[in-house]
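Q: Could you walk me through this one? I have not looked at it before.
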Amino acid sequence: MNTLLQQAPSWGTTLWFIVAAVLLLAVVLGFVTYAIYFERKVIGWMQLRIGPNRVGPLGLLQTVADVAKLLLKEDIRPQHADKALFTLAPILAYAPAFAVLAVMPFSDSIRFADLGIGLLYYIALSGITVLGVITAGWASNNKYSLIGGLRSAAQMISYEVPLVMSVVGIVLLTGSMNLKDIVEAQRDVWNIVPQFIGFAVFIIAAQAELNRTPFDLPEAESELVGGYHVEYSGFRFAMFMLAEYVYMFGMGALITILFFGGWLPIHPSLDFIPGIVWFILKFSIYVFLQFWIRATMPRLRVDQLMSFAWKVLLPVALFNILLTAVVVSYQNGMF
Amino acid sequence: MSDEKRKPTPEEKAAAAAEARAKAEALRKLREQEAQASQEASQVEPSQEPQEEVSAPAAKPVSEMTPEEKAAAKKAAAAEAIAKAKAAKEAKEAAEAETPVAEQQSEAVATPAKPVSEMTPEEKAAAKKAAAAEALAKAKAAKEAKEAAETGADTVDSAPDADAKAKAAAAAKAKAAAAAAAKAKAAREAGGDESGDDDAKAKAAAAAKAKAAAAAAAKAKTAQATGDEAPAEEAPKAPSKNQPYLDKYVSRISEAFGQEVIEASYINELGKEVPTLTIQNERWYQVAQYLRDDEQLSFEYLSDLHGVDYEDRLEVYYHFYSYKNRQSLAVKVKTSREESKVASVMDLWHGANWNERETFDLLGIHFPGHKDLRRILLPDDWVGYPLRKDYVQYDEEV
Amino acid sequence: MNHNILTTHVDTSSETGLRTEEMLLNVGPQHPSTHGVFRLVVKIDGETIKEAIPVMGYLHRGTEKLAENLTYTQIIPYTDRMDYVSAMTNNYVLCHAVETMMGLEIPERAQFLRLIAMELNRVASHLVWWGTFLLDIGAMGPFLYAFRDRETILDLFNELCGARMTFNYMRVGGVKWDAPPGWIDKAKEFVQYMKKELNNYHQLVTGNEIFINRLIGIGKFDTKTALDYSLSGVMLRSTGVKWDLRKDEPYCIYDRFEFDVPTATEGDCMARYHLRMAEIEQSLRILEQALEQFPSEGEVMGKVPRVIRPPAGETYVRIESPRGEIGCYIASQGKDKPWRLKFRRPSFTNLQILPKLLQGENLSNMVAILGSIDIVLGEVDC
Amino acid sequence: MLGLAKGLGYTFKKLTEKKVTHFYPDVPFPMPPRFRGIQHFSPEKCIVCNQCARICPTECIQLTGKPHPDPEKKGKIIDTYDINFELCILCDLCTEVCPTEAIVMTNNFELAAYSRDELYKNLKWLDDNNTNVREEN
């Protein structure tokens, strides 16, 4: 891949890019399909049900059927909706979620762009998703959507700050924003140990960024019915759904890379297992945690959400930066 | 014999025990009473006539009689009741000539040892009188009744023997009473609109005349009878346990507003002996305020509020409760059907808000003073008030 | 609806110079958290509720009007459909009213069956409340756990009277069915199971910090307000009034059993949550005693005339339903059909305080407050 | 945090616990003997006393009788008998009053239909609905 990137653009290389992108998209879609399936299964098991079991063996084709249904549905747009924005919103939400995957190193060899500022790229792009959500909320011409959109804006912007702050510690430790370097730097010990405070803040903020329980206020179905996507149906709704899960994929990958040592094995002696297996394993644990939390937690209230971000998470993240800075300086012999 | 009454509070238990011991005496007293009553009745009889006409066909509830009426009625009835054994036979015949419903009634008469519980209170009381004499003679009946009483098993645990005895006596009376009760029913049906049968009517008319007075009298008696039968016999006028409260309310309100604001006051024997007042419509708001604010009344809780259509008038029924005094009070305010108006008590008890709206919605009673009086359950454009007896659904096409 | 709420306020003179506008939000009648077809028109400024107007009647079936043309026996199935979550208490209140008027005597065994049925139903009702309340708060797990355990109760009812929710079980003078063989043991088993399971519920939810923070201090009112608004049941007890009709005006055979009336003084959603949970415990306690003392034999139907004709007059009885004080008023003219039948529905009365509680609250609190009142729309609209 | 952890612990334990859902409709759902399902009607038992129609709180039962074909015998026999399951609330009162157990409950409860008209069940249908008939009535 690296060699391809460094070549001069030509028809051949462009074709390669497209094929690779489609491949990644297929992988991601496959993941989304089965993430939804497993989410339903896991939550079902936790709730003493058996989850989807009617379509295909063990219900494995349930999500496929759901997606097919969504794609075949009539495209409904509310009469007084803002036509252009209404169409644009799902794309705005989905595109960045997919674009952030470009910098993810899934293993030593499987990766795409190797940006020096991979982490920054991720954070910057993921911030765009919120635009899609606000646009959707506004363009639907629905009060629930609007409230959901605004909640989402407030929440995502607020939680982005502690999210970014919490990874600064890692950047300080590693001295690089390149995701590959960050993984390589964890050969001795995973970042979750020295950066535990950062990890705690990050995982909470990530949850809020993903709009998932207990921070699912923008779509709180018991309050706002469905929040920003209440007026969406058919494939547009599918785009939002996709964005949510792809974003979860991205966040899972990022956490694995930042805190769990990416494709590195638990112990060097287990090196014979391919890196990608380790990656998937660690990644799956995070995804399972998502489902688990969703089966257990109630939802926060909007004012508590904001004060939690600004009064708890941000100070803790800042303290973490300070602590890391002090430790790093000490190690470098500044004191 | 309501649910509550069956649970033996300590006092009741004691009373029951005492009664059992004094059973023989009680019965003797009863006989004396009857003799006395029959004497008195002959004096009061003339004044009794108009009343029975009122009470028989419309089945006028006791609730609407003044205490004096009640007393008079009782006396008259007592006398007549003695002569009723004979009338019972007649009534049976009348009943047989009636609709199937009536037939069922007479069937019921035939079943032995029919417990008191099946009879309406007034029948019970009436029956009791008639039965008293018979009961003494019927040793066998008493035995049967005893069994019945045991299955009923209410106060089994305390002094079972004495209790059972007392009950057996009561039941024996009740059994004989059944005959009289059936007669009462038959008579009332004949008087009422249920049976269209002219024949039956004619027959029943005779019975009804004799009967109605008795029924009315009996109603008065049920006041005591609801609790336990024996005390009723010992002291026929023993007031309800809530009588002092009623007296208190009446006197407090009369002191503040004068006698005339209370149109009627009585203990509702059918409704767990709740003191019930009928308040003058015009002064209702002031009285309501007083009910809530007065130290001794302090009815701070409005349990229920609703309206009833009695065809000649509308009534609003309030059920208050005082958590301070642990006492209930029912208040009724009457209003005309044409211009129904009852002052709103929404600003006194906020809980009246929706209840008044509901009453307005379904019965069309207006509550001047209510801040937001509009329909609550029905759509805003609904025509008519469904709970009124003359309501016909509005049909746009007609 | 000609109400002032329809005029929203546009604030152009704010200090920031920004033009803000109040918004009317129609919550319901199809909304996941209104527990049925209840509608709330709320005027919101941002997410703060300025005013809330409840609109109801979407489930109004005219039970009271229908009852005027039905015999008392025929009305009983209709009461099942009022508070469909706790139909046993509804059955009971009607039968109790008629029995009070007629002075009927209920056989011992029937009394026990009634009490057991009502208390089981109270547990079932509170379980439904617990599940749906947490669903409102955003946790979906508890709902399914609660419904699993409620299912056991419904199965018990199904065995007892052949229906899971619309029981039509009680009759004037007794109950329709005796307990089938083995039923009492099954009920005993359930009570023991539920006692243990209740701890799990607490483990799952009660200690949850998010949950606690969402409820503490929300929807608060004091005793005076509660009485003024005619609140009853848990709503009243959460303000410190120790008042339970089972204890204070005992009906059925409640005075034979030992149980406490849990009260709290905070008057907020959290207090109401704890009270309902404590009430499940107390109900189980009553059930334990009642099932132990259940008479081994006896009639389940008292001696009742073939045609039920309460004497002319009127009565008003009230009992403790899971939601509060349910009352039944009957005006009789001595016929086999009531002249006027009126139910005092606790959900309807308790709901009155909602607009007051919602004022100035956040939209998220709206569902918590509404949930904590515990309404059943079949009963509100009657 | 302890509360959150406890809750997570509880749900995790449930992950492997036995599931409580039924495999309905693959596996029929057994109903207890007293279950009130769709009525079964046996015309030969009916004496056309009209009690079921009269007790019905929703007035969903309609029946007509005809004179007994055997002129020797008195009384009537049933001619038509319809229950409108749009209205029927399966309250059990009709079976309760029936003196001859001509109308009884069954344990069948699947009534869903594509058209309202299908919910009108006539004598023949009710007669044929003779599986899982309830014993106690």
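Q: How many Å apart do the C-alpha centres of domain 1 and domain 2 of chain A lie?
A: In this predicted model, the two centres in chain A are 19 Å apart, where domain 1 covers 1–72 and domain 2 covers 74–331, with bounds that come from an automatic or database domain assignment. Local features need pLDDT of at least 70, side-chain atom pairs count only at pLDDT 80 or more, and totals for chains, interfaces and linings use all residues. Residues are numbered from 1 along each chain as its sequence is written, and chains are lettered from A and ligands numbered from 1 in the order in which they are written.

Q: And how many residues of the two domains are in contact?
A: In chain A, 18 residues of domain 1 are in contact with 20 residues of domain 2, a contact being two residues whose C-beta atoms, placed from the backbone, lie within 7 Å.

Q: Which classes are on the domain 1 side?
A: The side of domain 1 of chain A that touches domain 2 has 15 nonpolar, 2 polar and 1 charged residues; Ala, Val, Leu, Ile, Met, Phe, Trp, Tyr, Cys and Pro count as nonpolar, Asp, Glu, Lys and Arg as charged, and the others, Gly among them, as polar.

Q: Switching topic, how many residues does the contact take from chain C and chain A?
A: Chain C gives 25 residues and chain A gives 23 residues.

Q: What classes does the chain C side have?
A: On the side of chain C that touches chain A, there are 12 nonpolar, 9 polar and 4 charged residues.
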